[in-house]
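Here is a guided look at some helices, loops and single residues, written for someone new to reading structures. Keep the model open while you read.

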Amino acid sequence: MKSTDIKDPEYFHKVVDCQYACPAHTPVPHYIRLIAEGKYSEAYMVNWDSNVFPGVLGRTCDRPCEPACRRGRLDSEEPVAICRLKRVAADNKDDVKTLMPQAPFKPNGKKIALIGAGPASLTVARDLAPEGYEIHLFDEQKLGGGFMRSQIPSFRLPESVLNEEVNFILDLGIHTHFNKYVESLKEVLSKDYDAVFIGTGAPRGRDLPDMLGRWEAAANIHIGINWLGSVAFEHTSKIGKNVIILGGGNTAMDCCRTARRLGGENVKVIVRSPFSEMKASPWEKEDAQHEDIPIIDNHVPKSFVVENGVLKGMMFDRVFALIDENGKRKLVSKGEDEVFYAADDVLIAIGQENSFPWIERDLGVEFDNWEMPVVNEKTFASTHPKVFFGGDSAWGPKNVITAVAHGHQAAISIDLMCKQKNLLLERPSPFVNLVSQKMGIHEWSYDSEVVNDKRYLVPQADKKLTLSNRKKEVELGFDPFHGFKEAERCLNCDMQTVFSETKCIECDACMDVCPTACISFVDNEDEESDLRAKLKVPANNLSQDLYVSNTLPTKRVMVKDENVCLHCGLCAERCPTSAWDIQKFFYSVTKAGKGCH
Amino acid sequence: MSYIRPKFRHPELPKNKLGYSIDFYEGALSTLCAGCGHDSISAGVIQACYEMNIEPHRLAKLSGIGCSSKTPAYFLSNSHGFNSVHGRMPSVATGANLANRDLIYFGVSGDGDTASIGMGQFVHVIRRNLNMIYIVMNNGCYGLTKGQDSATADNGSKNKSGQINPFESIDLASLAIELGAEFVAQSFSGDKTQLIPLIKAAIKHPGFAFINVISPCVTFNNNVGSTKSYDYVREHLDATSTIDFVPEMKEITTNYEEGSSENIKMHDGSFLQLKKLAKDWDPMNRESVANAMMIAKLKGEILTGLLYMSPNTKDLHNTLETNDRALNSLSKKDLCPGSEILKTINSELR
């Protein structure tokens with residue numbers, strides 16, 4: 001196998017599993033260490049720079065980082081509670097406003113329109129405003145935040161937290177046009193904007209339009225996301241006692257929990273697929289069940305039961321999941337009688353889709369067969385030179401952190417476009433740094449000790465209290481002490497083990513001391529699979545790379561399986577010649593205007 | 001700050017026949033210098049015992065004084081151990097072995113502990129053929145007292161302060177062969193593929209088994225001009241053979257060129273499979289081994305691998321015709337068989 005090129009920043013980036021999995025590539029271990037040191041404002045700003053909404057994300061993120069966390073691959077261990085640690089930084093920060101760019105900025109003469117005031121547009125606004133762009137932000141609602149406001153219930157995300165972070169951005173001198181539904185892209189383009197960013201999300205909830213009784217009982221059948229929005233903006237304040245929620249995603253979880261707070265006493269989630277295959281995050285399912293909401297799986301809705309124009313309930317067919325010969329999962333009817341569940345109200349939360357009735361099809365913005373815009377995956381540019389897409393509106397519903405990542409990239413493209421640069425070839429490289437952490441023979445500048453603590457649980461407010469008040473936040477967050485304890489569980493995967501073969505005397509000390517048998521000195525093989533098989537413990541996790549050195553004097557190579565490296569630094573401590581060193585790897589996605597020009 | 005080994009191990013560590021993964025054979029985290037050859041030998045012992053499915057409580061570690069003699073703390077924490085007086089490990093081993101012949105006695109010593117203060121004990125334990133493994137971690141210097149030349153430092157070897165050793169060295173392996181040891185091997189801490197099968201064979205050998213392991217002292221004897229540095233040893237290694245330890249139940253599948261390979265049957269039916277590299281060397285012939293070692297020495301090379309082995313060995317218990325049971329398993333009835341037996345004995349003496 002060829003030796004590893006550690007000069008390619010993506011190699012070490014991939015070792016930092018959490019950061020690599022994060023769509024915005026937030027430097028997770030870096031801010032977790034800051035939290036452990038009690039430097040909450042600094043930790044917050046590291047997050048703010050990368051993901052723009054630390055307080056929001058610290059409560060509501062889909063946390064792609066956590067399933068990736070190396071700690072979860074250790075024996076009977078769970079990932080570090082990365083998401084809730086982010087909240088510790090947000091909850092305990094001091095005044096951070098002074099650490100942010102201060103408006104007014106020197107105008108650069110360019111004008112940008114952002115359609116939709118959700119996380120993607122707000123990210124574009126934050127990145128471009130300090131560069132002197134005049135930003136015009138349009139939204140049909142009376143406040144910014146988009147789906148963070150309309151879809152995420154207040155008991156998960158208090159309005160004050162959202163307002164604070166939205167206002168950090170609006171205070172950068174953004175021209176807001178709220179309560180303004182944009183009806184025509186043509187009209188927007190006819191104004192003198194240098195670029196238009198479309199971040200209008202996936203606003204249309206899926207319906208069951210053809211189901212028997214759907215329109216007869218329309219008054220008590222609601223589309224989940226519309227209903228949540230209507231609750232958020234206080235147009236709706238109650239619901240029937242018996243409520244059925246159709247669907248198994250996070251929106252369904254938010255719907256059922258909101259229904260519990262609006263008078264729903266007998267709230268059920270009824271989902272087609274098996275429980276284990278539901279799209280909702282495991283913790284959201286747990287939270288729903290904790291609020292006495294049964295989740296009934298393997299039930300396919302068949303019809304609404306309506307008597308005298310009043311909704312009485314729904315009929316379901318009981319099914320089971322079967323894997324067919326093509327490996328596809330099918331739901332097969334058990335052939336039993338349909339079963340009836342009573343309901344005063346039904347919330348349909350079975351997915352959402354994009355919708356662009358306001359974009360004329362003759363403007364040069366191309367759409368594909370599925371009525372989705374054609375968007376470049378790197379630049380977020382549409383086929384119209386001035387129009388960019390991002391967030392859910394680009395490729396369908398994802399989540400806040402993905403929208404933020406899109407916003408950063410679209411902002412870079414808009415900046416390049418306005419400076420008449422090539423959107424692909426002149427994109428800025430990531431900012432990367434690699435520095436030795438050695439302080440002494442057995443001393444590193446980070447806490448190298450691996451603690452054995454199990455994942456700490458986030459405390460919750462009393463259920464009686466939270467169920468009676470829609471705005472009462474359920475999770476209380478870690479206090480600083482438990483925040484510290486949880487932060488200490490982080491393995492510091494950005495503290496990279498860097499090997500220089502010219503210094504190695506092949507004493508085997510690193511191989512012998514490594515607690516997780518990551519390091520092997522073996523004869524090289526042509527095929528990676530052969531090399532993986534012959535290591536001290538065969539490297540069976542193919543998603544994790546091998547770090548292969550150049551050939552050593554004894555004709556062997558050093559091979560490190562990155563899979564379960566604890567970053568404890570023992571290899572470097574036991575190395576007599578400093579052939580191993582622990583070096584802190586910092587990787588940050590360059591934002592618009594910040595690259596070398 | 002460390003000296004703390006994390007408790008986590010690789011989640012896919014395989015288990016041996018006893019159901020233990022290799023971490024069950026670990027010891028405390030070493031406090032020897034970073035890069036010490038002794039740590040590699042400790043790792044070799046751990047690996048060998050794990051692979052041989054040794055129950056840790058069936059093994060006793062014995063040592064004297066010195067860097068080498070600290071190592072039993074760093075392997076097999078679940079075994080018995082006795083850190084004895086400087087150079088007196090063989091006496092303690094002899095006593096322990098005579099009392100309880102059922103354990104594996106694993107002696108660890110250094111060049112000072114064996115070739116200087118313990119020389120008298122060393123030669124006598126060989127002469128008595130005590131059933132034990134005796135490993136010398138040989139670095140040619142006194143590491144604990146800051147690197148003075150030891151008795152195994154080669155004549156002409158330069159120490160860290162630039163002084164040339166004017167004295168002849170004691171070649172422990174040659175001495176052992178001369179004294180009639182029936183299992184003699186030599187190895188290098190930086191070559192576990194050779195060292196581990198040798199440790200396994202030594203454990204299987206039913207008499208005194210001696211392994212002299214060149215183990216560089218990174219702190220005091222790894223300089224240019226030293227004959228026990230990593231670089232020098234690697235350049236001057238001359239292995240007698242490659243070696244594989246084959247447990248009895250396993251079928252031998254490797255086929256070497258005719259004439260070049262030899263399978264030495266151990267007393268319990270296991271094999272040592274050798275692929276010979278040295279000419280005119282027969283591991284079962286003491287004279288050819290002495291010759292081969294002399295020739296290697298003249299060429300300035302270090303002969304490693306299995307040097308000599310006699311499968312038909314007679315250990316101290318056999319020579320003394322002791323009871324074939326460990327003393328702690330003898331009951332009062334065994335020890336005081338009664339007046340009838342006493343009468344019989346007395347009548348025999350009349």
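A:Arg63 sits in the loop that links helix 5 (54-60) to helix 6 (65-68) of chain A. In this predicted model, its phi is near 45°, a positive value in a residue other than glycine. Is A:Arg63 buried or exposed? A:Arg63 counts as buried because 23 other C-beta atoms lie within 10 Å, and the cut-off for that label is 20 or more.

B:Asn53 lies in the loop between helix 1 (37-51) and strand 1 (59-63) of chain B. Its phi is near 55°, again a positive value in a residue other than glycine. B:Asn53 is exposed, because 12 other C-beta atoms are within 10 Å and a residue with 12 or fewer is given that label.

With 10 other C-beta atoms within 10 Å, B:Gly269 is exposed. Look also for B:Pro247: it is 22 residues away from B:Gly269 along the chain, and the two C-alpha atoms are separated by 7.8 Å.

Back in chain A, the loop between helix 7 (82-92) and strand 1 (111-115) holds A:Pro104. A cis peptide bond joins A:Ala103 to A:Pro104, with omega at about 0°.

Now let us turn to a residue inside a helix. A:Cys256 belongs to helix 13 (residues 250-261) of chain A. It has 28 C-beta neighbours inside 10 Å and so counts as buried. Which residues does A:Cys256 touch, leaving aside its neighbours within four places in sequence? The contacts are A:Ile245, A:Val267, A:Val269, A:Ala288 and A:Ile293. A:Pro515, by contrast, is 259 residues from A:Cys256 in sequence and 46 Å from it in space, C-alpha to C-alpha.

Next come pairs of helices. Two packed helices are described by the angle between their axes and the distance between the axes.

| Helix pair in chain A | Axes come within | Crossing angle |
|---|---|---|
| Helix 3 (residues 28-36) and helix 18 (residues 480-487) | 8 Å | roughly 140° |
| Helix 8 (residues 119-128) and helix 16 (residues 400-418) | 7 Å | roughly 40° |

Take helix 3 and helix 18 of chain A, whose axes cross at roughly 140°. These helices are therefore oblique to each other, since an angle has to be over 145 degrees to count as roughly antiparallel. Their crossing is left-handed. Helix 3 of chain A makes the contact through A:Ile32, A:Ile35 and A:Ala36, while helix 18 of chain A brings A:Gly483, A:Phe484 and A:Ala487.

For helix 8 and helix 16 of chain A, the crossing angle is roughly 40°. That makes helix 8 of chain A oblique to helix 16 of chain A, because only angles under 35 degrees count as roughly parallel. Helix 8 of chain A passes helix 16 of chain A in a right-handed crossing. Residues of helix 8 of chain A in this contact include A:Pro119, A:Ala120 and A:Val124. Among those on helix 16 of chain A are A:Val400, A:Ala403 and A:Gly407.

Helix 9 (residues 286-298) of chain B has 13 residues and spans 19 Å from its first C-alpha to its last, close to the 18 Å expected at 1.5 Å a residue. Buried in this helix are B:Val289, B:Ala292, B:Met293 and B:Ala296. Why do they lie on the same side of helix 9 of chain B? They cover an arc of only 95° around the axis, which puts them on that side. An α-helix has 3.6 residues a turn, so residues three or four places apart point the same way. The buried residues of helix 9 of chain B pack against helix 6 (172-178), strand 9 (237-239) and strand 13 (302-309) of chain B. Turned away from the buried side is a face that carries the exposed residues B:Glu287 and B:Leu298. Just after helix 9 of chain B comes B:Gly300, with a positive phi of about 75°.

Helix 7 (residues 192-204) of chain B also has 13 residues, and it reaches 18 Å from first C-alpha to last, close to the 18 Å expected. How many of its residues are buried? Twelve of the 13 are, so helix 7 of chain B is mostly covered. B:Leu195, B:Ile199 and B:Ala202 are among them.

Methods
Residues numbered from 1 in each chain as written. Chains lettered and ligands numbered in written order. Predicted model: local features only at pLDDT ≥ 70, side-chain atom pairs only at ≥ 80, totals over all residues. Helix = DSSP H or I, 4+ residues; strand = E, 2+ residues; numbered from the N terminus. Expected span 1.5 Å × (residues − 1). Arc of directions from axis to C-beta. Contact = placed C-beta atoms within 7 Å. Axes fitted to C-alpha atoms, helices over the stretch in contact; angles between N-to-C directions. Parallel < 35°, antiparallel > 145°, perpendicular 65-115°, else oblique. Left-handed = near helix turned anticlockwise from the far one by under 90°.
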